[in-house]
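Visitor: I am new to this structure. Please pick one part and take me through it closely. Then show me what lies around it.

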Amino acid sequence: MTQRTAIVTGAAGGLGRALAQALIERGSNLVVVDSDSSVEDLTSGRADQVLARVADVTDDSQLTALVADAVDRFG
């Protein structure tokens, strides 16, 4: 999974957080998203690998901005 980029929604807790942590451990670049600001905890010590965003994934404009941020950051 090295040199891959994934977007994980619902990453502040439960299955989303477990998936995000597994992808981080496998070397993926990661964009983690949740409406809960605790999603930002996943960047701790991994700022070069993990981009966290607090967003509402049901809002098209927020999704567009999220994808633009991911492309800017990870290509």
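Guide: Start with a cut-off. A residue counts as buried under 20% relative accessible area and as exposed over 50%, with partly exposed in between. Keep in mind that this is a predicted model.

The part to look at is helix H1, residues 14-25. Check its length to begin with. H1 has twelve residues, and at 1.5 Å a residue they should span 16 Å. The end C-alpha atoms of H1 are 17 Å apart, which agrees.

Now look at how H1 sits. Its buried residues are Gly16, Ala20, Leu23 and Ile24. They cover an arc of only 100 degrees around the axis, which puts them on the same side of H1. What covers these buried residues? Strands are part of the cover: it includes S1 (5-9), S2 (29-34) and S3 (50-54). Turn to the other side of H1. There, Gly14, Leu15 and Glu25 are exposed. Follow the chain onward. Just after H1 comes glycine 27, with a positive phi of about 90 degrees.

Next, take strand S3, one of the strands that cover H1. Arginine 53 forms a salt bridge with aspartate 69. The closest N and O atoms of the two are 2.9 Å apart. Arginine 53 lies in strand S3 and aspartate 69 in helix H2, so the pair ties together parts that are 16 residues apart in sequence. The structure holds one salt bridge. How open are its two ends? Arginine 53 has 31% relative accessibility, so it counts as partly exposed. Aspartate 69 has a relative accessible area of 25%, so it is partly exposed too.

Last, visit the loop between S2 and S3. Serine 44 lies there. Is serine 44 buried or exposed? Serine 44 is exposed, because its relative accessible area is 56%. Compare its place with that of glutamine 62. Serine 44 and glutamine 62 are 18 residues apart in sequence. In space, the two are 23 Å apart, C-alpha to C-alpha.

Go back to H1 to finish. Gly16, Ala20, Leu23 and Ile24 are its buried residues, while Gly14, Leu15 and Glu25 are exposed on the other side.

Terms used. Residues are numbered from 1 along each chain as its sequence is written. This is a predicted model: local features need pLDDT of at least 70, side-chain atom pairs count only at pLDDT 80 or more; totals for chains, interfaces and linings use all residues. Side-chain values use heavy atoms; hydrogens and water are left out. Helices (H or I, at least four residues) and strands (E, at least two) are DSSP runs, numbered from the N terminus. The expected span of a helix is 1.5 Å times one less than its number of residues. Buried means under 20% relative accessible area, exposed over 50%, partly exposed in between (1.4 Å probe, protein chains only). The arc is that of the directions from the helix axis to the C-beta atoms. Contact means heavy atoms within 4.5 Å. A salt bridge is a side-chain nitrogen of Lys or Arg within 4 Å of a carboxyl oxygen of Asp or Glu.
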